[in-house]
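Subject: Structure handover

Hello,

Here is the structure for you to look over. My notes on what turned up follow below.

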Amino acid sequence: MIEISKLIKKADNKLILRGIDLKIGKGETVAILGPNGAGKSTLLKVLATLIKPTSGLVKINGLELRNNQMKIKKLQGYLPHSSLLYEHYSPLENLVFFGNLYGIKNAEEKAVELVKEVGLSFFLNEPVKNFSRGMIQRIAIARAIIHEPPLLLLDEPHTGLDQGAISILNNVILSMKAKGTTTLMVTHDFKQAADICDRIVIIKNGKVADDFRMEEKALDTVSEKYQLQVEGVS
Amino acid sequence: MSANLEREKGALSSSEPVAEKGILVPKILFGATVISILASIYLIFIYSSIEKTMGVVQKIFYYHVASAWCTFLAFFVTFIFSILFLAKRKRIFDTYAYVSAEIGVVFTTIVLTTGPIWAKSSWNTWWAWEPRLTTTLILWFIYMAYIMIRQMDGVWDKKARLASVFGIIGFIDVPIVFFAIRWWQSKFHPIVFGNGPSQKGGGIEPDMLVALLVSITALTLLYSYLLQKGVTLENMRIKVTQYKEKLREDLEN
Amino acid sequence: MIRSALLIAKKDLYSELKTKQVLATMIIFAGLVILVFSFAFDPANNTTKAVIPGVIWVIIVFSGILGLNRSFISEQRNDTMQGLMIAPMDASSIFLGKFLANFSMMLVVELVSLPFLFLLFDFQMYGGFGYLILVLMIGSFGFISIGTFLAALAANSKSSEMLLPLLLFPVTSPILIGAVQATKIILTNIEKLSSAMAWIQLISAYDVIFFVLCFILIENVLEV
Ligand SMILES: Nc1ncnc2c1ncn2[C@@H]1O[C@H](COP(=O)(O)OP(=O)(O)O)[C@@H](O)[C@H]1O
Ligand SMILES: [Mg+2]
C-alpha cells in the first residue's frame with residue numbers, strides 16, 4: 001500500500017526527516033510512536049500531499065506521490081491535530097460539504113449515518129463551535145472517512161478524549177479495518193497502540209528507530225521497546 | 001547596449017562558485033565599473049555641451065535615464081529568475097531574484113529623486129504626473145511590497161515561492177501601468193530619441209548621445225558588479241547559517 | 001473543477017448568510033466612506049459632482065479589501081485550508097471558488113451602497129446606465145480576481161491585513177485609473193463614449209491577462 005524510500009524533508013537547512021524507509025502492506029494497522037519533534041506529523045503531512053518532500057520516493061498503491069496527486073488524494077482520509085471543521089456549520093453541513101467535495105453520491109444520507117455511528121445524532125444540526133473537544137474529534141474522524149478511503153492517516157486521534165470517546169473512536173477504526181482499510185496512526189497512548197494496531201513503528205530524530213509486529217496485545221513489550229529506543233534505558 | 005547585455009549574461013553565468021573565476025570576475029567587473037563611471041563623468045561635465053534652455057541642471061539627465069534603464073534591467077532579471085526559481089526550485093535563482101530586486105529599488109529611488117530636480121528646472125514644478133515618472137513611482141511601491149514579502153517570517157522556500165510569484169505578477173504589470181498612465185495624462189515628457197513632434201529642443205545632440213550611452217554602460221556595469229557582490233554576500237550568509245545549524249545539531253546529539 | 005469551485009463558493013456564501021459578519025461590515029464601511037466624503041466635499045455644492053466617480057471606486061476598493069482580507073484568514077481557524085488542500089481538486093478550483101464568493105459579495109455591496117451614494121449627493125444620471133454597470137462589473141472583476149490571489153498570498157503572513165493593501169494597490173493601479181476615467185466619462189460626459197470604451201478595453205485586457213496568470217500561479221501560492 002505505502003512504499004517510502006530515502007525520504008528526506010528539510011526546512012530552512014534543518015533536517016526534519018532524515019531518510020525514512022518504510023513499507024506498509026494493505027490492511028495493516030500501524031502505530032507510529034516517538035518523542036515530540038521526531039517528525040511524525042511531518043511524515044503524515046508528506047503522505048497527505050500537504051508538504052513536498054525535499055528528496056526521496058513515496059508510492060501509494062503503486063502510484064508515485066508527485067505525479068498522481070489527484071488520485072492519491074481520493075485514496076486517503078487524513079485527520080491532523082486540528083479538526084478541519086467549519087465552526088459556524090453543523091456536523092451535517094460540514095460532512096455534506098466535504099462529502100460533495102470528494103464527489104460521493106447521497107452525501108447527506110452518508111453524513112447522517114456517520115454522525116449516528118459516532119454517537120452524536122442528537123447534535124446533528126448544532127453549530128460545531130459549541131462542541132467539546134471530544135465531540136469535535138468524533139465529527140473530525142467522521143469527516144476523514146466520509147468517502148470511505150482505503151488509507152487512513154490519523155495524527156494523535158486519542159489526545160484529549162475521555163474513555164467513552166476513545167472507545168467510540170476505536171470502534172470506528174476497527175470497523176474500517178474490517179473493511180480492509182490500511183491505517184497509519186500517530187499516538188502517544190501505548191495502550192491504544194497495543195490494543196488496535198498490529199505493527200509498531202518508532203520514529204526518533206527523523207529516522208525509523210524500530211519497527212516490529214505485535215503478536216498478542218502486549219502493552220509491556222511496546223513500552224519496553226520504546227524506552228529502549230527513546231530514553232536509552234534497557 | 002546589446003553588447004552590454006551579452007557581457008551581463010557572461011558575468012551571470014560565470015559567477016557560479018568556480019574558485020579562480022569567482023575571484024577574477026568581480027575584479028574585472030569592478031575595474032570596468034570604475035573606469036566607465038570616470039569616463040562618463042568626464043563626458044558629462046567636460047565633453048558634452050551645455051543644454052541651451054536648462055543649463056547645467058540638464059546634466060542630471062544622463063544619470064536619470066541611465067538609472068531608469070538599470071531599474072528596468074534589474075526588475076527584468078528578477079522576473080526571469082523568479083520564473084526559473086518556480087520551475088527549478090534552486091536556491092541560487094531565488095538569491096539572484098532577491099538581490100536584483102533590492103538593487104532595482106535603489107536605482108528606482110535614484111530615478112525618483114533625480115526626476116523632481118529635472119522637473120523643477122524643466123517644467124517648474126517638483127512633481128509631474130508624467131507617465132514615466134508615475135510608472136516609476138508605482139514600480140517603487142510594487143518592489144517595496146516584494147521586499148516586504150521577503151521580510152515575512154517562515155522558512156526560506158515559502159518566502160522565495162511567494163516572492164517569485166509576486167515578482168512575476170509585478171513585472172507583467174509594469175507595461176500595463178505605463179500604458180494606463182500614458183493614456184491618463186501625457187503632456188510633459190520630451191521625446192528624447194528621434195524627432196519630438198511638438199516639443200522644441202527635445203532632440204539630442206551627438207555629443208550628448210555619446211555621454212548618455214557611456215553613462216548607461218557605466219551604470220549597467222555598476223549594476224552587474226553590485227548583483228555579483230550581493231549574491232556572493234547572500235551565499236556566504238546562507239553558508240554561515242548552515243554551519244551554525246550543523247554545529248547546533250552536533251551539540252545536541 | 002467548476003463543480004468544486006461552485007461548492008466552495010456556495011460554502012462561503014452560505015456561511016456568510018449565517019453570520020452576516022463580513023457583508024455587514026463591508027456595507028457599513030461603504031456607508032461610512034460616503035459619510036466622510038460628504039463632510040469633506042459639500043454635497044450641496046455643484047463642483048462636488050466631479051468627485052463622485054472617484055468616490056464610487058474608493059468605496060469599492062476599501063470595502064472590497066475588507067472582504068478579501070477575511071476570505072483566506074477565515075480558513076485558518078481549525079486549519080480548514082488544509083481540508084480544502086487534501087480534497088481531490090486543483091488549487092485553481094479553490095481560487096475560482098473564493099473568487100466567485102468574493103465577487104458576489106462585492107456586487108451586493110455595490111448594489112446597496114451606490115444607489116445610496118447617488119441619492120445622498122442628489123446625482124442625476126444622464127443616460128449610459130448600461131455602460132455604468134459594464135464598467136462596474138469589469139472593474140470589480142479585475143480588482144477582486146487579483147485581490148483574491150494576493151489575499152491567498154498575504155494570508156501566509158502574520159500581519160496579512162496590513163500586507164494585502166500594500167500588495168494590491170500598486171498592482172491594481174491600471175484598473176483604478178481606467179475605471180475612474182471611464183466612470184467619469186460615462187457619468188458626466190457621455191458624448192465622449194468612444195474614449196470610455198477604450199478604457200473599458202484596457203481594463204478587460206488587464207482582467208484577462210491577470211485572471212489567466214492567477215490561474216497558472218495559484219498552485220505555487222497554496223502550498224504549505
Ligand atoms: N514549518 C516548519 N518550519 C520549521 N520547522 C518545522 C516546521 N514544522 C515542523 N518543524 C520542525 O520539525 C520537527 C518535527 O515536527 P513534527 O513532525 O510536528 O514532530 P512530531 O513528531 O512531534 O509530530 C520539529 O522539531 C519542528 O520544530
Ligand atoms: Mg505531531
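A:Tyr86 is buried, at 10% relative accessible area. Buried here means under 20% relative accessible area, exposed means over 50%, and partly exposed lies in between (1.4 Å probe, protein chains only).

Before the rest, some ground rules. This is a predicted model, in which local features need pLDDT of at least 70 and side-chain atom pairs count only at pLDDT 80 or more, while totals for chains, interfaces and linings use all residues. Residues are numbered from 1 along each chain as its sequence is written, chains are lettered from A and ligands numbered from 1 in the order in which they are written, and side-chain values use heavy atoms, with hydrogens and water left out.

**Aromatic pairs**

Over all chains, the whole structure holds 33 aromatic pairs. To pair, rings of Phe, Tyr and Trp (its six-membered ring) need centres within 6.5 Å; planes under 30 degrees apart are stacked, over 60 edge-to-face, and the rest tilted.

A:Tyr86 pairs with A:Tyr89 in a tilted arrangement. Their centres are 6.1 Å apart, with 55° between the planes. A:Tyr89 is buried too, at 3%.

A:Tyr86 also pairs with A:Phe98, this time stacked. The figures are 6.2 Å centre to centre and 20° between the planes. A:Tyr86 sits in the loop between strand E6 (76–79) and helix H3 (91–101) of chain A, and A:Phe98 sits in helix H3, so the pair ties together parts 12 residues apart in sequence. Helices (H or I, at least four residues) and strands (E, at least two) are DSSP runs, numbered from the N terminus. A:Phe98 is buried, with 0% relative accessible area.

In chain C, ring pairs build a cluster. Its members are C:Phe95, C:Phe99, C:Phe103, C:Phe141, C:Phe149, C:Phe211 and C:Phe215.

**Ligand 1**

Which chains surround ligand 1? Residues come from chains A and B, so the site is shared between chains. From chain B there is B:Val155. Chain A residues around the ligand include A:Ala11, A:Ile16, A:Pro35, A:Asn36, A:Ser41 and A:Thr42. A residue is near the ligand if one of its heavy atoms lies within 4 Å of it.

By class, the shell has five nonpolar, five polar and two charged residues. Ala, Val, Leu, Ile, Met, Phe, Trp, Tyr, Cys and Pro count as nonpolar; Asp, Glu, Lys and Arg as charged; the others, Gly among them, as polar.

The side chain of A:Lys14 has an N or O atom 3.1 Å from an oxygen atom of ligand 1. A backbone N or O atom of A:Gly37 is 2.7 Å from a ligand oxygen atom. For a polar backbone atom of A:Lys40, the distance to an oxygen atom of ligand 1 is 2.8 Å. Strand E2 (14–24) and helix H1 (40–47) of chain A are the elements that give two or more residues to the shell. H1(A) gives the most, with three residues.

**Salt bridges**

The count is 21 salt bridges over all chains. A salt bridge is a side-chain nitrogen of Lys or Arg within 4 Å of a carboxyl oxygen of Asp or Glu. Side chains of opposite charge can pair when their charged atoms come close.

A:Lys110 bridges to A:Glu148, with the closest N and O atoms 2.6 Å apart. A:Lys110 lies in helix H4 (residues 107–117) and A:Glu148 in the loop between helix H5 (133–144) and strand E7 (151–155) of chain A, so the pair ties together parts 38 residues apart in sequence. A:Lys110 is buried, at 14%. A:Glu148 is partly exposed, at 49%.

In chain B, B:Arg150 bridges to B:Asp94 at 2.9 Å between the closest N and O atoms. This pair links distant parts of the chain: B:Arg150 is in helix H5 (residues 131–150), B:Asp94 in helix H4 (residues 91–123), 56 residues apart. B:Arg150 is buried at 13%, and B:Asp94 is buried at 4%.

B:Arg248 and B:Glu245 form another salt bridge, with the closest N and O atoms 2.8 Å apart. Both lie in helix H7 (residues 206–252) of chain B, three residues apart, so about one helical turn separates them. B:Arg248 is partly exposed, at 36%. B:Glu245 is buried, at 15%.

Best wishes

Technical notes
Polar contact = N/O pair within 3.5 Å; in protein donor to acceptor, adjacent residues only side chain to side chain.
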